[in-house]
Amino acid sequence: MSFTVRKDDRKGVLVVGVDGQLIVGNRHELKQKILDSLESGEKKFVIDFSRTGYIDSSGLGVLVSLSKKIGEAGGELRLAGLNEDLLTLFELTKLDTLFAIVESTDEALAAF
Amino acid sequence: MTVPFRLVVHRQDARPPASAGHAVQFFLRVPTELEVVEEAVDLVARHCVASGLTPRRARFHLRVMLAEALTNAIVYGNAMDPQKQVDVRVVLSEDIVTIHVQDEGNGFNPAQIPDPTEPDRVERIDGRGLFLIRQLADEVHFNERGNSICMIMRCA
């Protein structure tokens, strides 16, 4: 499991990819990467889940926390690339009402 | 320096439920470390590939349920005490996969866990683990003490 970070300079968006799982063992790593970037002045974020296996409730919790912190800093977070299984988790927990969820990173970038 | 650990699976014939025909069970002892959850989940899931669960349930639902149960056992049950262990027992029968996860804690009352989808709880960062287990499993049971969860998935 690992995280990839790239900057889309055209749109000024930081795209963070979750390769593997987003679970209790690595959630803090994702949180810290994004909080560090937020502190450095980044405001627009996409988390790309197109290479993600599964997410547990700790991972969902970190996304909620990041959404709040990014919002408080005047930024914006979009979630992209969720497959049917991952989307089910958001629907079951009603977190699909809390996040801006789009099909792909390209779509997320276009919406900024 | 952290000592590497090994997860060991023991297989033995299990006495199946009356309707279930032949069954096999295996056991796994998991240390109280959050870093091992992913590996433990993978190991169990690999042993359930031929269980008769649909690919989606074997690949995804089982992994999420078990990750939640192990995390709860480690964090809340064993309170992160490295002297304690979590025991996993899996029974594979012809049409049912049963996963027991037991910690060494004092147990809890699952009826007291609030619904995380209530409007005033949706934005909380925690409290979704047991809810997800209940949503993804066909049946969920606890022992009287509340330190052992039994998750049942039916092979459809």
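1. B:V88 stands opposite B:V101, a residue of β4(B). Keep in mind while you look that this is a predicted model. The strands involved are β3(B) and β4(B), which run antiparallel and are joined by six bridges. Strand β4 of chain B covers residues 96–102. With two residues between them, β3(B) and β4(B) form a hairpin.

2. Strand β3 covers residues 85–93 of chain B, and its pairing with β2(B) is antiparallel, over nine bridges.

3. Chain B has a second hairpin worth a look, made by β5(B) and β6(B) with five residues between them. Strand β5 is residues 139–142 and strand β6 is residues 148–154, and the two pair in the antiparallel sense over four bridges. If you want one pair to click on, take B:V140, whose bridge partner in β6(B) is B:M151. In the turn, check B:G146, which has a positive phi of about 90°.

4. Step back and take in chain B as a whole. It has three helices and six strands. Starting from the N terminus, the order of elements is β-β-α-α-β-β-α-β-β. Chain B has 156 residues, and 35% of them count as buried. Among contacts in chain B with a separation of 6 or more, 63% are between residues 24 or more positions apart.

5. You'll find B:V36 in the loop between β2 (23–31) and α1 (37–47) of chain B. Why does B:V36 count as partly exposed? Because 18 other C-beta atoms lie within 10 Å, while buried needs 20 or more and exposed 12 or fewer.

6. Over to chain A and its helix α1, residues 27–39. This helix has 13 residues and reaches 18 Å from first C-alpha to last, close to the 18 Å expected at 1.5 Å a residue. Just after α1(A) comes A:G41, with a positive phi of about 110°.

7. How do α1(A) and α2(A) lie relative to each other, and at what angle do they cross? Their axes come within 9 Å and cross at roughly 10°, which makes α1(A) roughly parallel to α2(A). From α1(A), the contact includes A:L30, A:I34 and A:L38; from α2(A), A:V62, A:L66 and A:I70 are among the residues taking part. By class, the contact between α1(A) and α2(A) has seven nonpolar, three polar and three charged residues.

8. Last, the place where the chains meet. Here 19 residues of chain A are in contact with 22 residues of chain B. On the chain A side, the elements giving two or more residues are α2 (57–72) and α3 (84–92). Which of them gives the most? It is α2(A), with six residues. Sorted by class, that side of chain A has nine nonpolar, seven polar and three charged residues.

Methods
Residues numbered from 1 in each chain as written. Chains lettered and ligands numbered in written order. Predicted model: local features only at pLDDT ≥ 70, side-chain atom pairs only at ≥ 80, totals over all residues. Expected span 1.5 Å × (residues − 1). Contact = placed C-beta atoms within 7 Å. Nonpolar A, V, L, I, M, F, W, Y, C, P; charged D, E, K, R; others polar. Pairing = 2+ DSSP bridges. Axes fitted to C-alpha atoms, helices over the stretch in contact; angles between N-to-C directions. Parallel < 35°, antiparallel > 145°, perpendicular 65-115°, else oblique.
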